[in-house]
Amino acid sequence: MKQNQNQGSNLFPFSEYKFFETRLDKIKAHYRKNNIFILDQSYSYSSWKFGLAFKFFNCFGKEIKYIDITVCAYNQVGDRQRDDIGQHTREARCIGPIPANEIATYDFDELFWDDNDIIDKLKVEKIVITFMDNSIRTYSGKAQVDRLRVENHKSPVLDEPITD
């Protein structure tokens, strides 16, 4: 039986692994320095249910126990909108642990019931982060929550060209 010539060798040169590892370390350092916590937020749907999905990066230097998120529903003209069971505000809890410098994803596709398709968007109103030592950080209001979002920060690390 003829053996594969690539067996036991790297298909991707080690020097390129080191380049990407170094770049990833720089990105994580940028996130920690700027308290970038929310890497992604997207809508999540399930039949007539409406919710959000999140990707978080623990930039805080200690392990996260819980992330409590308060979300409000809005209609197309920007007013708070109750869903089919009468709620316009919901809380979701992300349960850790999330180690420092690690990424975690959560999907809450059943925050609101919207059989009549009236809810236009969901806004995160508040985030409370509880760490394993039971210390707490609270971010309340659009301005504070938006400061945690990756898209609101320019990163020279992300803009560096990839070269050989």
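Select D146 and R149 first: their side chains are joined by a polar contact of 2.9 Å. A polar contact here is a pair of N or O atoms within 3.5 Å; within protein, one must be able to donate a hydrogen and the other to accept it, and residues adjacent in sequence count only if both atoms are side-chain atoms. D146 belongs to helix α2, residues 142-146. Its relative accessibility is 19%, so D146 counts as buried (buried is under 20% relative accessible area, exposed over 50%, partly exposed in between, with a 1.4 Å probe and protein chains only).

A word on what you're looking at: this is a predicted model, where local features need pLDDT of at least 70, side-chain atom pairs count only at pLDDT 80 or more, and totals for chains, interfaces and linings use all residues. Residues are numbered from 1 along each chain as its sequence is written, and side-chain values use heavy atoms, with hydrogens and water left out.

**Zoom out**

Switch to cartoon and you get three helices and seven strands. Read from the N terminus, the order is α-β-β-β-β-β-β-β-α-α. Helices (H or I, at least four residues) and strands (E, at least two) are DSSP runs, numbered from the N terminus. Of the 164 residues, 35% count as buried. Contacts (heavy atoms within 4.5 Å) with a separation of 6 or more are 66% made up of residues 24 or more positions apart.

**Into the core**

Now select F37, F56, I67 and I127. In the largest nonpolar core, which has 36 residues, these four touch the most other members. A nonpolar core is a set of buried Ala, Val, Leu, Ile, Met, Phe, Trp, Tyr and Cys residues joined through side-chain atoms within 4.5 Å. At least two core residues come from each of α1 (14-33), β1 (38-46), β2 (49-57), β3 (64-74), β4 (89-98), β5 (103-113) and β6 (121-131).

Stay on F37 and show its surroundings. Beyond neighbours within four places in sequence, its contacts include F56, F60, I67, I127 and L148.

**Rings**

Which residues make up the aromatic cluster? Select F37, F54, F56, F60, Y106 and F131. Rings of Phe, Tyr and Trp (its six-membered ring) pair if their centres lie within 6.5 Å; planes under 30 degrees apart count as stacked, over 60 as edge-to-face and the rest as tilted. That rule gives seven aromatic pairs. Take F54 and F56: ring centres are 5.3 Å apart and planes at 10°, so this pair is stacked. F54 and F56 are both buried.

Then try F60 and F131, with centres 5.6 Å apart and planes at 75°, so edge-to-face. This pair links distant parts of the chain, with F60 in the loop between β2 and β3 and F131 in strand β6, 71 residues apart. F60 and F131 are both buried.

**A buried Asn**

Next stop, N58, in the loop between β2 and β3. Buried or exposed? With a relative accessible area of 0%, N58 is buried. A polar atom of its side chain lies 2.8 Å from the backbone oxygen of I98, and one lies 3.3 Å from the backbone oxygen of P99.

For contrast, pick I95 in strand β4: its relative accessibility is 53%, so I95 counts as exposed. I95 is in contact with K65, Y66 and Y106, leaving aside neighbours within four places in sequence.

Most residues other than glycine have a negative phi, and most peptide bonds are trans. Now select G96 and P97, joined by a cis peptide bond with omega about 5°. P97 is in strand β4. In the loop between β4 and β5 you'll find N101, whose phi is positive, near 70°. Finish at N134, in the loop between β6 and β7 (136-140), where phi is also near 70°.
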